[in-house]
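Here are my notes on this model, point by point. Please read them with the structure open.

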Amino acid sequence: MRIIIGTILIALIFPAAVLAQNQAMKSPSEIAREQSKAVVIIEALDERGSVTGQGSGFIVTPQGAIVTNLHVVQGASSLRVKLPGGDSYKTSDLVDVDDAKDIAIVKIKGFKLPVVRLGDSDKAENGEAIVAISSPEGLVNSISTGVISGVRRFDTHRVFQITAPISNGSSGGALFNPSGEVIGIITFLFKSGQNINFAVPINYARGMIGDQPSKTLADLKPSNKPTEGAKPSPSLADTVESTEQIDGQLTGAIRGKLGRTQMEPMFARPDEALKLFYRLVEGINHINATDVAKLTSTAAVIKSKETDEAEEYTIKYLSSLTGLAMTFSKPEHLLTGVEMTVNWSLTDLENTFGGKYRKRAVGKEKILDYGKLQGGRALVAVLDGNGNVRSVKFTKAK
């Protein structure tokens, strides 16, 4: 009898548990319907009130605290926050910022505003389905779906690698789990890959959320005014222009606020280093040394190799963990290759670029060759003796 009763109880409890689990899972349309009213457009305005940039954000308190990326708001004189219903708020108030993790909490003067539900990003796992809601190019509350394809660890924090497609203007948008809870802040994308995008886990922002402003946008503005009497730092573009008249070669180094020496990282934040790397990859066979100079104007760029056809320049520390090598054709000085040193496992590489590669050896090095990718670029990864990925290199496909 006890066995029969126990069996009946299990039969009754188990379907209830399954039903509760199924009820917790929501479709993308349900998540959009329930949560998108709290996902907003954030426009960066200059002193004249003209729009200089646009990103996304999401409301987390009824009084108007909004989570977004720091890079969405930095450098703006004021912000215009647009709600999906048409309401608009202008502000320059900030509750808190985290430069290392690219998080900002913006404050508008709201009352009974719609809010998103926050989840626990520590529970998110590889392969978990996600829904991204943001406003790319000002297209209000665009929805995309995908999975968490990896968790990348930087010096100061982790980021989710996601396959949900995003675009310019998606920064600061909300990343939802299948229960309709925000687990991440959409941060940046890699256009050369196939849906290789990144989000910062929401738990990093939880302790920053509040309704009392502590600073304004003016406190974030970088000081770009040169010291009186100081000479401007040389740029790679200037070097090219002057040396072409002499011997047609690139020489010298760049100096800026960071990376003044070979041992000083150009970026304190690893995600910023990745952004530059991906931007350079996008520019292969499209941008020249003058363009690269504008992107690397705060680093010591050193010539490391030269042949009759090409020259190679390196930044020893793009971040504290990564270095960078750039190859330019001669005499056009066109960017033809970009290589970044990494410390990845083979799983990291396959999660990022897929597992369709050909193994081969070049001298003593073991190479994983992905061949020709979209955009006319080729990708190879170099392995160390332990089978870990030492570098990833993009070049113009032959």
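1. Two strands count as paired if DSSP finds at least two bridges between them. Strand S18 (residues 335–344) and strand S22 (residues 389–396) are joined by 6 bridges. They run antiparallel. Within this pairing, Trp344 has Val389 of S22 as its bridge partner. Bear in mind that the model is predicted.

2. What is the strand order of the open sheet? Its 8 strands run S15-S16-S17-S18-S22-S21-S20-S19, and the pairing is antiparallel. Strand S15 (302–306) and strand S19 (358–362) form the edges, each pairing on one side only. From one strand to the next, the twist averages 25 degrees.

3. Which strands does H6 touch? This helix packs on the sheet against strand S17 (324–329), S18, strand S21 (377–383) and S22. The direction of H6 makes about 150 degrees with that of S18.

4. The largest nonpolar core holds 81 residues. Phe58, Val73, Met326 and Val392 have the most contacts inside it. Helix H6 (residues 270–282) supplies the largest share of this core, with 7 residues. A second core is separate and has 12 residues, among them Ala132, Phe160, Ile162 and Leu175.

5. Leaving aside residues up to four places away in sequence, Met326 touches Leu280, Val292, Val301, Glu311, Glu312, Tyr313, Ile315, Leu335 and Gly337.

Notes:
Residues numbered from 1 in each chain as written. Predicted model: local features only at pLDDT ≥ 70, side-chain atom pairs only at ≥ 80, totals over all residues. Heavy atoms only, no water. Core = buried A, V, L, I, M, F, W, Y, C linked by side-chain atoms within 4.5 Å. Buried < 20%, exposed > 50% of the residue type's maximum accessible area, 1.4 Å probe, protein only. Helix = DSSP H or I, 4+ residues; strand = E, 2+ residues; numbered from the N terminus. Contact = heavy atoms within 4.5 Å. Axes fitted to C-alpha atoms, helices over the stretch in contact; angles between N-to-C directions.
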